[in-house]
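Student: I am new to this structure and would be grateful for a close look at one part of it. Could you please take me through the open sheet, the helices beside it and the core to which they belong?

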Amino acid sequence: MTIILRTPKAWPSILLARAGAQDATDLDAAVKAGAFIGLRKALHDLGPNAVIATIAASGLRGRGGAGFPTAEKWRAAAATDAPRRYVVANGYGADPAVLTDRTLLETDPYAVIEGLAIAALAIDAGEAFIALRSDAGEAIRRLEAAIGAAEEAGFIGPDVLGSGRSLTVSVRPVQGAYMLGEETVLLKALEGKRGQPEQRPPHPSERGLFGMPTVVQNVQTLAAVPWILVNGAEAFAAIGSKASPGTILVAVRGPAGAGIAEVPLGTPLGDIVALAGGTRTGRGAKPAGGDGGGSHALKAVLVGGPSGGLLPPDLLDTPYEFDALRAVGAHVGSGSIVAADERACIVDLARLLTRFCADEACGKTIPCRIGTRRISEIGDRIAIGVPRPTDLQLLTDLSADVVASALCDHERLATLPYASGMRYFRSELDDHILRSSCPAGVCRPIAVAAGAAH
């Protein structure tokens, strides 16, 4: 069971506000708690143009990692002339270690369904899909039950709230690799095709699912939409940072364990790490019944999942929001924050992360298919103690080439673990390359080679 971490009372709750309900599929309880008020307002008071204007004024940005302004997608899809339009809720959750989207779908499926219905109204779509992993059995069960109850009550279906509008919502379990988190790859999977990214433009909002305009939004983005319509754009814009308003779900792993927290965007990294036992001084909390491992100093924070950036403790004041993280060499990505103490080896961490990204590459482009594999091999050489004199320069040049020729964000971001490692932990790479030693004692082959040399 996923643990929802306790957060300070001053932090607002939008996405997990109804997470404590005993039965997440109980429609009557959800309605009493405020579900579908936003949809009623959208249908009877605002209309499509005013809904999009409200979302634009709120500053809502996509929670899938890229942070693209939500209203811009909706405007583009609504303005594109086409016989049909679609909305796709992306709840796939590509990072296997991060269950933020799945937790939301399991604890409050009605928030996602309502947000999906509002988005469909805004772009005049008659069909919507909720895509998630095929192994998310509980989330699938609850979504299907919630969709059935919402349709029976008239919140979706052939006559949405007596408006004459029709909306069909379907759950679409998909099976695939890490790449399915990218929106064009997900759309290919929904069409039953091989999951590979498409060149953009045109963007999915202009030509997406089955060649029709399609709005693809992360489930967290859609779940925030009803709250905005009920409470107002100004209220949402006042939460979090000016550039990235609102809240977001973060999977945090630290010395005292792991869990999911809803945090206002713009919250300093140190405050988020502290939720799982880390502290601003870099010391960890001792886990209950543990071996005292919490006494080890914080060494690095991995922000963004497998293709994330490794940041040093002196950057714990960095705001957790899209633009600020990019500036320091990380990104929101899968919504993951992992605190690593002094027992971790940066070279080994970067090597494992890069290997994962190389293994998960779809292989469509040569720079990604071969370039990420070569970067992984360079990391292996450095870790086992047989680096070449030119490896660091080769790592830098190859990473730049991969980024410059990237077709999708997976390829573009796969270079971040080593790029951030070289930026902030260069001395540790030098220890491996120049002195054949691993300060953390993780890379055992190096230690053996060094001992044999004497």
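Tutor: Contact here means that heavy atoms lie within 4.5 Å of each other. By that criterion, Pro48, Val51 and Ile52 of helix H3 meet Ile118, Leu121 and Ala122 of helix H6. The model is a predicted one, and every value below is computed from it.

Let us stay with this pair of helices. Helix H3 covers residues 48–58, and its axis is 7 Å from that of H6, at an angle of about 120 degrees. This angle makes H3 oblique to H6. The crossing of the two is left-handed.

Helix H6 has a further partner in helix H4, residues 70–79; here the axes are 8 Å apart and the angle is about 45 degrees. H4 is therefore also classed as oblique to H6. On the H4 side the contact is made by Trp74, Ala77 and Ala78, and on the H6 side by Ala119, Ala122 and Ile123.

Residues up to four places away in sequence being left aside, Trp74 touches Val51, Ile52 and Ile55, then Ala119, Ala122 and Ile123, and finally Val215, Gln217 and Val225. Trp74 is also one of the residues with the most contacts inside the largest nonpolar core, together with Ile55 and Ile130; that core has 64 residues. Helix H6, residues 109–123, gives the most to this core, contributing 12 residues. Another core lies apart from it and has 27 residues, including Val252, Leu298, Ile337 and Ala339. As a general background, nonpolar side chains tend to be buried together in soluble globular proteins.

We may now turn to the sheet. It is open and consists of 4 strands, paired in parallel and ordered S3-S2-S1-S4. Strand S3 (168–174) and strand S4 (214–218) stand at the edges with a single partner strand each, so one side of each has no neighbour in the sheet. From one strand to the next, the twist averages 20 degrees. In general, the strands of a sheet pair through backbone hydrogen bonds.

Strand S1, residues 86–91, runs parallel to S4 and is joined to it by 5 bridges. In one of the pairs, Tyr86 has Thr214 of S4 as its bridge partner. Helix H9, residues 219–231, packs on the sheet and touches both S1 and S4, its direction making about 95 degrees with that of S4.

Helix H9 leads in turn to helix H2, residues 37–46. The axes of H2 and H9 come within 8 Å and cross at roughly 60 degrees. That angle makes H2 oblique to H9, and the crossing is left-handed. Ile37, Gly38, Lys41, Ala42 and Leu46 of H2 make the contact with Pro226, Leu229 and Val230 of H9.

Notes. Residues numbered from 1 in each chain as written. Predicted model: local features only at pLDDT ≥ 70, side-chain atom pairs only at ≥ 80, totals over all residues. Heavy atoms only, no water. Pairing = 2+ DSSP bridges. Axes fitted to C-alpha atoms, helices over the stretch in contact; angles between N-to-C directions. Core = buried A, V, L, I, M, F, W, Y, C linked by side-chain atoms within 4.5 Å. Buried < 20%, exposed > 50% of the residue type's maximum accessible area, 1.4 Å probe, protein only. Parallel < 35°, antiparallel > 145°, perpendicular 65-115°, else oblique. Left-handed = near helix turned anticlockwise from the far one by under 90°.
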